[in-house]
Protein chains: 2
Amino acid sequence: MKRSIILLFTFCWSWVLAQNNQQTKFVQYVKPLIGTGAVDTNSLSGSNFPGPTMPFGFIQLSPDTRDAPDDPASGYDYNDKTIVGFSHTHLSGTGVADLFDVLLMPSAGEIKLNPGNAKVNRSGYRSSFSHDQETARPGYYQVLLKDYGINAELTATGHTGMHRYTFPASKQSHIVLDMDHSLDKKRGYWECRVIGAEIKVINNHTLEGYRIITGWASLRKVYFHAEFSKPFDSVLMANGNSKPHAVNVINGTAVKAAINFSTTDQEQVLVKVAVSPVSIENARMNMASEVAGWDFEQVSRQCADSWEKELGKIKVEGTLEQKQIFYTGLYHAFTQPNNMADVNGDYQATDMTIRNAPDKVQYSTFSLWDTYRAAHPLYTLTQPEKSAAFINTMVRQYDTYGYLPIWQLWGEENYCMIGNHAIPVITDAVLKGIPGIDAGKAYEAVKASSMTDHPGSPFTAWEKYGYIPEDIESQSVSITLEMAYDDWCVAQLAKKLGKTEDYDYFIKRSAFYQNLYNPKTGFFQGRNKDGKWLSPFDPLSYGGNGGSPYTEANAWQYTWYVPQNVPDLIKLMGGDKNFTAKLDSFFTLANKPGNVNGNASGFIGQYAHGNEPSHHIAYLYDYSGQPWKTQYYVSKVLNELYDTSSSGYAGNEDCGQMSAWYIFSAMGFYPVNPANGVYAIGSPILKSAAIRLPNGKTFKVNVENAGTLNRYIQSVKLNGRTYNKTYITQNDIMNGSTLEFIMGAKPNKTWGTQAAARPAGWGYINN
Amino acid sequence: MKRSIILLFTFCWSWVLAQNNQQTKFVQYVKPLIGTGAVDTNSLSGSNFPGPTMPFGFIQLSPDTRDAPDDPASGYDYNDKTIVGFSHTHLSGTGVADLFDVLLMPSAGEIKLNPGNAKVNRSGYRSSFSHDQETARPGYYQVLLKDYGINAELTATGHTGMHRYTFPASKQSHIVLDMDHSLDKKRGYWECRVIGAEIKVINNHTLEGYRIITGWASLRKVYFHAEFSKPFDSVLMANGNSKPHAVNVINGTAVKAAINFSTTDQEQVLVKVAVSPVSIENARMNMASEVAGWDFEQVSRQCADSWEKELGKIKVEGTLEQKQIFYTGLYHAFTQPNNMADVNGDYQATDMTIRNAPDKVQYSTFSLWDTYRAAHPLYTLTQPEKSAAFINTMVRQYDTYGYLPIWQLWGEENYCMIGNHAIPVITDAVLKGIPGIDAGKAYEAVKASSMTDHPGSPFTAWEKYGYIPEDIESQSVSITLEMAYDDWCVAQLAKKLGKTEDYDYFIKRSAFYQNLYNPKTGFFQGRNKDGKWLSPFDPLSYGGNGGSPYTEANAWQYTWYVPQNVPDLIKLMGGDKNFTAKLDSFFTLANKPGNVNGNASGFIGQYAHGNEPSHHIAYLYDYSGQPWKTQYYVSKVLNELYDTSSSGYAGNEDCGQMSAWYIFSAMGFYPVNPANGVYAIGSPILKSAAIRLPNGKTFKVNVENAGTLNRYIQSVKLNGRTYNKTYITQNDIMNGSTLEFIMGAKPNKTWGTQAAARPAGWGYINN
């Protein structure tokens, strides 16, 4: 009875707190369920997860609806009806699954730790749930597990997940700990395999253990320390299909435990689980440093407060839906890269040794082929300290690995996608003057990564042929185009550091894209070593991931990729008129592309917003004198290809890139070349935006007549003066300028059409 | 010309040194090629390797004749005609292959790093060789690589391998570095897979790198630092089937390098390679601490000197062949366990963290099912410091893993074979008073390992049924018998520590073997949970490795396994007469056993000296009053089942156990119960033996009339007094006693036949 009163009080207090939270300014707009489901079976989920995480936090504690997650890679599909448990690490928005460490699941009644038919129904503790009885907001996730009548609530600190399970009265209440939960090992996906794992009973309220696992990340060591608020009656453990038995330690490759309690009605059992990629000792230390007691509300509030602070860096006004999309996007953009260092700075280096980061942080989850485009420019603008830390981490990979990250997961290279797009990220940050980066050392890493043959980057052939021959390396057109862009970045960084010889060398390589332009077809096309064009050529035909010769795209999509020199691309294509006509065709050619890769979706003609190769293309009309068409297509994407539903993204959210596209574009500008200090102007859809800058200034955007139908810019003022350029610069932003748009339903075909208005710039624009 | 003179001088000096080595007392008898080949395709190789190692050293640098070694597990088969290279880590005498890290191979002419048909002829740098042009002795291995006319010489320190390659004149001289060489990955053997690897060019004479590999050991990290005495002209590197190219770093899962030189005729290129299981930094440190310069001869001499010191602990006289077998046996027994700690004490714990050993050593390669029988008692006697260090390592496994090692490789449990035979090893060492062991902590580990269900050890069933039911755990008869023995050891240790309750508990369990004795057949047989005997029963029928219900043996062989209480076994079998008659049958029953496991060989009737279950059986006649039959069979094994050929062992040498059997037995005694301080007397075949004891005393054995035909003991004196017991005790040895035998061609059927003469002893014999 007394307990019930306490519980009632707790619930009331929770409710009061929840109401308080409702009054906060920014976190209320974050809807973590956006991006958690595909709209239909032919499209991809955003692949976001709904559970709590700190901004850039290591622990990302979230429900998994899949036993052996594959697609969506986040482990949670909004369309699923059951939950298998709550694991502590996830990827947000990726196309490939991994992590899912240390799964907990409460249950009541008879438990089957390892039911016979492992393939079909591995988890004997799965429960149905309903979105009606599910809550997700920054720092908090709640769901009713209907099969057991258990309410599960989750929150997190940087290294610790906190669970609050409210049980029914039962002599058979359990919390399952599953150290075998992972991406699908059974079908050899990414050759995933648990190499070793352990669970140890330390005392009647503490478990510890670890698993060593190879998967998409080649080797992850995951150590945990778990404390329970209520002493358990018994712990049964099993490895694989062994019979669960009462032991104090179990080693194996598929270890699980059932932690058993007797519970009264509405009794709450809290669990806190700290994780470390280094050791059990470090997991203990992480918990001791972050979560002293059992105050779930406090931990949840701290997490929400951290988000409030981060989200508050950009204050926007617009419709409720726009604000929900915007702030959820910012939330997703700040969900990674993740700090992989323990609280003392220990981290696992690429050579699998444990090292200590002098700045106590070591970030990973660098989906660079996606995020160099707009997510990193967003970090440069809003997270300069973290940008520097990201780059310091990348340079540490160079130290042990010999070159910069391509796709870095859990501190390890997985070579997903193409290019060396740590280079634009570093170049952008150094040229924009982000403090805390050793530019000389960073340049050493950039240059080595541009000279050392490595998987996907055959520089010897690059220099010999002036393009990547398809018979040397597949995806050759995409690699050629992106490598030329990266080389342009190296050249800019060399110039900045006064390395003229290097500048000359790399600026020459940055024009190699020209060698794959076929003037007869008007497309970038693949060639072999012998110089012959690959044939037959069909500009509609898709290459898959690793495809030939275009990466997850067709010729139509990749042919626009010369962000370092759009004027030259226009020239190659025969001038403004031809270029514009070709863009028109691109956006209107309805012919179904052949063998479309699953990542391509959100089609407007051949434009596919669901994948990154298209992301800059709508802005290219700015470069050829028809900015109203940029405005048309950008606003079309903003209004039609984003919404607040579970399928609110046009495809995988891609670690912040899909969100960053929205964040920039909704404010009215976008970094077509992510490293030249220039943002092309599109079509702002918000009423206003204000970016709180690290220098204390605020950059403001005000939009008159904002509205779905008013997609066209009528006029622009910068700091009160009429502004006719179709771009702004980094300096405009950092000076705390005010950018004012007047929008209308009809295109103003004179604004921004002059040659001088174009967002050109062969080098970094520093004015 | 000048170079030739220097070379001539070097060769002469080598020859002088070699002659000096010939004058040393003990190393001259070691023939590392013993045990390196099987006599025919139906038998197993000793699986020893011929290359140099320090006693108990980490680096075991040896030629590999196999691309993807499997059988023999040492990688070298004397019957092979070609060598693929020289790798730095090996196992000696095991039945399963692993290690083979950091393979170097010199060659000249065109090189194929990765020839097309990877399966058939993976190595494009393989060379023929001939035993005529091959030398192996402690601290030195030499072979002429005939295809290239390159003389290869090897030596080693604890953590560093040193290579001296003498090249012909060639503009295309190479040294291949292969980081992909391993046990057979292609057929998924032990799921072997390289998870990650790197080679880095540090400067024109230094390479560094690592590989992370899963195989028989679940996860090994192998870091190297390599220095070349001659700057190389170029380095080409490849990953898998990629084209070798000139880069300064390569990462991948199958990385190789060709290090290229121009050489003059007879030019020597030296390479030293330090290895660490912890980090490249530690590998560098290991080399700096052990090998400062390029003095190959000095390193080789130091290695030989270390062996001389270790081998000199037992001085024996006998025929040349006996001394060669004996000292090669001692060499093989001291080849492992291996110190896995770097010179600063860093090591990888079972939880894959790096820890530091306070005593700066951490041993592994514990093939305990083999070695607890005689190899560890040999270490207890001759290597007390290392015995303590072995046990400290085992206790450290308990600390992180929850129980003691079963088969520990590279610091990791692989659960090979059965039982928990760290327990007799610890019990033996503690009861014999070896210093440097925390007995209380060791007992904690021993008890936990005897109470905690773990793979192969279902103690809950053990306590419930009083035997291991075959329908709960296969190999149930073997496990029951060996578990009962281990329990006897726990009881003795409990008694020693005054834990009476524990003594009572475990001494009761130690009699559980009785529950599997079927008086109707006179054999230990398997039962299911329901208590019924498994049927049909055929005492000849073999179980394989993991076999049912006998491990690598049949009922005939396992039925003799009650070393803790042979008198009770005699009683079970109906007394001395029946017991002796059954032993007679055992040694004479020529019926071919069914489905013989490959490990069984060296048959005398059903006795199979090639595998461990038989090892104590010939000594059992001592216990039933007919010691002359022990003498007959022991001398028969000594004389017929060991020789100095490449197939000098009757099967796998098993990490020193086959050798330890010979070492004890040739001196005239053997620890039937490895942990009760008693050695049963057999038939000495040496003229004399003297064990230099750690307490400064010397235990001596003198044998009058030693000779192949004089296999029978006529009389014995201990310290000058007539001695009629068929056993001696640990105290007899440690007191520096002198044991004198008079041998003859006819059995003395009165000596040692009295009841009081029998090597009984229910507890540790401390007199």
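This is a predicted model: local features need pLDDT of at least 70, side-chain atom pairs count only at pLDDT 80 or more; totals for chains, interfaces and linings use all residues.
**View 1. The space and centre of the largest pocket.** The largest pocket holds about 990 Å³ of space. Of its 41 lining residues, I195(A), T253(A), E413(B), N414(B) and Y415(B) are the closest to the centre. (On a 1 Å grid over the protein atoms alone, a pocket is an open set of points where a 1.4 Å probe fits, with protein on both sides within 12 Å along at least five of seven lines; lining residues have an atom within 4 Å of a point. Points are joined across faces, edges and corners, and the volume is the space filled by probe spheres set on them.)

**View 2. Strands around the largest pocket.** β11(A) gives the largest share of the lining, five residues. (Strands are DSSP runs of E, at least two residues, numbered from the N terminus.)

**View 3. The second largest pocket.** This pocket has a volume of about 770 Å³. Its lining has 38 residues, with Y401(A), E413(A), N414(A), Y415(A) and T253(B) nearest its centre. β11(B) gives the most to this lining, with five residues.

**Reading the labels.** Residues are numbered from 1 along each chain as its sequence is written, and chains are lettered from A in the order in which they are written. Local features need pLDDT of at least 70, while totals for linings use all residues.

Methods: Side-chain values use heavy atoms; hydrogens and water are left out. Helices (H or I, at least four residues) and strands (E, at least two) are DSSP runs, numbered from the N terminus.
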